[in-house]
Amino acid sequence: MFSSKEKASIDHVMCLLREWDHGSKAVRSRMLSDFIAKNTGKTFPELELEFAQVASLFLARLTAWMRLTYMFGTCLNLQLKALGVFLSASSNHQYLMEFLEMGAVLTLLEILGQENLKDEDKIEALHLLQIIANEGQKYKELICESYGVKAVAECLAKSKAEGTQETATTLLKSLAHGNSKYQNQVYKGLIALMTCTSPRAQQLVLQTLCIVQPIVKIAHHSIVEPLLSLLRSIHLEVQYEATELITVLMRSEVKPALLRGLVDLLKPSKEEFSKHKILEDPARAKIMDSLPVFLQQAAAARTIRILTQSSEEISKDLLSLNVIPHLLYAVGNQEHADTQKQASLALEHFVRMYPVVEEDVRRAMGTTLFETFMHNAECLHLNMNKIQADILRSNNTTSVLRSVTMSRLRSAMQRGKSVVLENAEAIKSSNTKKSKATIKEEEPSVSESSSFHFFNDPSEISAYRSQLLLWYDHNKRDLPWRTVAMTEPDVNIRTYAVWVSEIMLQQTQVATVIDYYNRWMKRWPTVEKLAAATLEEVNQMWAGLGYYSRGRRLHEGAKKVVSELDGQMPRTTEGLLKLLPGVGRYTAGAIGSIALGQVTGAVDGNVIRVLCRVRAIGAESTGPSVTEALWKIADTLVDVERPGDFNQAMMELGAKVCTPKSPLCRQCPVQTNCHAFRQVSIKQEKDSKILKRKLTSKLNTPVPDIENCLNAGSCNLCLSEDWDSQLGVQNYPRKPVKKSSRVEKTLTCIVQRQRGEETEYLLIQRPSKGLLAGMWELPSMILDADLSENKHRGLLCTMMQRFLETSLDKDSFQFVGEVVHIFSHIHQTYIVFSVCVSDCSEKEQEQKTCWLTKSDLQGAAVSTGLKKIMKLYESSSKVNSRDVKRKLTPGKEKQSNKIKKFKDGAINGGPKQLSLSQFFSTSRTEGKTDTQNT
Ligand code: SF4
Ligand code: ZN
């Protein structure tokens, strides 16, 4: 039996339940509010007391109503809060079990996925799930088995309300904890969530992963890409959390992939600039296209710094991944100051840790920039000019720096030396000392016997550089390729432009090259344009410049750059040397230093002369020991900050001051460093009477060592012959005995035909390889022996009959004269005949042939030799038209004189590069020493 008090209590509950059952939405809403206000925080017994031990009846009604109405959101928030009162009543699982038995977990998870519901409802649902999860592993498993991880993760990803995001994150964290069966599901769910759009959600996910990762222990490889992508976020808190997670992952198996990814981000590929729309953050859409890539670059640099500061092992891993050139590249990114700053700070850390890195970075930056960097790395970008940035960005040092750094690092470690200098100050002071001497350490030490011929004193090197560059700055000529090298911002075009100039300048004088260069660059301003040209067009453009294979190789090289190197010119001296046809050691050094800022010497003919005089090198200048010595000196001397200018200054000095035949020593900027000049001065002094008197009084005074090689006699660089006092400084360099040219005679025939008013000449194209490859020439044959004129006529007649497949009269071949033409290695004499043919059919020939008018000939790819022959023919025609016979007559004498003039002109050299029209139009007869070569 119930007491009256109990009965009253039961009646009250029954009345309440009846009211609920018959109540409208408004009534129930009021009832729920009263319930929450009156019962929040009550324990199970207190609730039972309140509901006469039948509280479960109200809980069942609540749960059922929620399940029926959640989709409409009717009083949902109040319902969930009221349910929370029940589930929070601790110390007894009865309400919880009853709630779960009614399938309420699924309802709660469905609430999370309803887009029409308010965030406050979702937060309440998440609270209820959290209460359930807090009850222990089997409750967490129940949620996970109901696809709870997915539902909560999606709710987090889609929600824009911070409260929802934070509550969902807390629940996920809790589901991963103490839930071994499902922790990996939670972990992968979190990884998937990294690609969500909300920065706040990203931040929370990253924070959660930092906690979950140590729980799951084994990292999943799918984490790497989205994690690195988050470094692209414009929200610093996201970047910060991403870096934190990367730090956590350094103890996992994805460490190598992450480090590799970070290093790669320092040097974004072109595609990266258009591939950054993974995350559709609306704030980011307003920002310029390339910014996310730069943000990522800066974040990668900052992360690298944090990682290297945390572990020496990671630093070494990064070094082996080529991090230094990548950091240098990022330091040169003048489009994004924060990237420069972060990369500079990271680089500073490596430099201060590893002396070998310090040396390499100094070399890559140049002394001035490096000292600015060491003084204040954070502000380096404020003190960097465009060229310096361009040099760093063009990443000249990639392979060299990596291999040098790593091999030296390894060898230092093998020797058991710690490569880490604990005291940064100690490094700093040693840097200061070392920076004064910029001689390359890797060079083998110069043997004592020949040290006289090298530069060993840093102060002398420094003086030489500054005197020469000062002189150059005041005296350099304005040349089109120099202007391009100074002003062209595109490194690819700059390298191409310098390449063209260097190839043209091989064997041809500057004055001649200028016009050719300007026309060439106007027609083919880029490597792509040159690659698209035909060899015929290139030969036409090159006609008259000599050494025709140079143009062909430029053309071949351009095609190779476009087809094999994606249109990108090599960015290092080694690359230029290896990949471009026709580019030798000198040309690679010149292009590398002028266009790419590579710190390398460039030894051409002018430089050989200057260096041989400056260091008194008198052994044969083309011998291997002299060649190596000259390169070593050039590499030592080259200015690390202005290598291109320095090399050009050396060449300019050779061309203008230290000339072959009349060196202007009194005007020379490096006179004080010149052994040859001092030797001449001392010898002159010795010869003077004053010196004689001095010598008499101080007979035993030795000649100062500086003027002599200590090992003269056995030294392989000293003068191999006696000093010739008549020659003075021109005792250096000693040239090799010139091999005599091959003497060759060629029978050649001007075959002409009449086409209406026009006279046409037969031309044959030379083979695509060898001397004058691909150029057009007259029908010719090399003579093996001296033959009579009649025999010549017979040979030509037979040749042309066969060639034209027509019958010709031997006597119709007229002797025109002889033309001497000097190639680099052939002394060629053309014996010229002419013949007029009537009509002859155009047959298929083995060799390519064409008939050209005189005006066509002017634009065709023909050699200077042919131009000279045509000019001779022109002048002889005039003579013949006055009926002057070939036999010795006054007219013949005149013609002979003309022929002789050609020979003399060819031998003595005359004005170069006359065009064909000049040949035809001028009555002056001038020869030309052409140095055409293969
Ligand atoms: Fe040449 Fe005379 Fe100058 Fe010596 S001092 S480098 S020999 S110009
Ligand atoms: Zn010597």
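## A glutamate in a strand

Does Glu744 count as buried or exposed? This is a predicted model, and in it Glu744 belongs to strand S1, which covers residues 742-755. With a relative accessibility of 13%, Glu744 counts as buried, because the cut-off for buried is under 20%.

Now look at what surrounds this residue. Leaving aside residues up to four places away in sequence, Glu744 touches Ile782, Ile826, His827, Gln828 and Thr829. With Gln828 there is a polar contact between the side chains, at 3.0 Å. Leu783 is 39 residues away from Glu744 in sequence, yet their C-alpha atoms are 7.6 Å apart in space.

## An enclosed helix

Next, find helix H36, residues 605-614. Of its 10 residues, 7 are buried, so H36 is largely enclosed by the rest of the structure. The buried ones are Val607, Arg609, Val610, Leu611, Cys612, Arg613 and Val614. They pack against four partners: helix H27 (458-475), helix H37 (624-637), helix H38 (643-656) and helix H39 (675-687).

Both ends of H36 have something to show. After the helix comes Ala616, which has a positive phi near 50 degrees.

## Two helices that cross

Two packed helices are described by the angle between their axes and the distance between the axes. For helix H16 (residues 255-265) and helix H19 (residues 312-320), the angle is about 55 degrees and the axes are 10 Å apart. H16 and H19 are therefore oblique to each other, and their crossing is right-handed.

Which residues meet here? From H16 come Lys255, Leu259 and Val263, and from H19 come Glu313, Ile314, Asp317 and Leu318. The residues of this contact comprise 4 nonpolar, no polar and 3 charged.

## Backbone details in the loops

Finally, visit some loops. Between helix H40 (689-697) and S1 lies Pro733, joined to Tyr732 by a cis peptide bond with omega of about -10 degrees.

Gln53 sits in the loop between helix H3 (44-50) and helix H4 (55-69). Its phi is positive, near 65 degrees, in a residue other than glycine, and Gln53 is exposed, with a relative accessible area of 54%. Lys217, in the loop between helix H13 (199-216) and helix H14 (224-229), has a positive phi near 65 degrees. Lys217 is exposed, with a relative accessible area of 64%.

Conventions
Residues are numbered from 1 along each chain as its sequence is written. Chains are lettered from A and ligands numbered from 1 in the order in which they are written. This is a predicted model: local features need pLDDT of at least 70, side-chain atom pairs count only at pLDDT 80 or more; totals for chains, interfaces and linings use all residues. Side-chain values use heavy atoms; hydrogens and water are left out. Axes are lines fitted to C-alpha atoms, for helices over the stretch in contact, and angles run from 0 to 180 degrees between N-to-C directions. Helices (H or I, at least four residues) and strands (E, at least two) are DSSP runs, numbered from the N terminus. Angles under 35 degrees count as roughly parallel, over 145 as roughly antiparallel, 65 to 115 as roughly perpendicular and the rest as oblique. A crossing is left-handed if the near helix is turned anticlockwise from the far one by less than a right angle, and right-handed if clockwise. Contact means heavy atoms within 4.5 Å. Ala, Val, Leu, Ile, Met, Phe, Trp, Tyr, Cys and Pro count as nonpolar, Asp, Glu, Lys and Arg as charged, and the others, Gly among them, as polar. Buried means under 20% relative accessible area, exposed over 50%, partly exposed in between (1.4 Å probe, protein chains only). A polar contact is a pair of N or O atoms within 3.5 Å; within protein, one must be able to donate a hydrogen and the other to accept it, and residues adjacent in sequence count only if both atoms are side-chain atoms.
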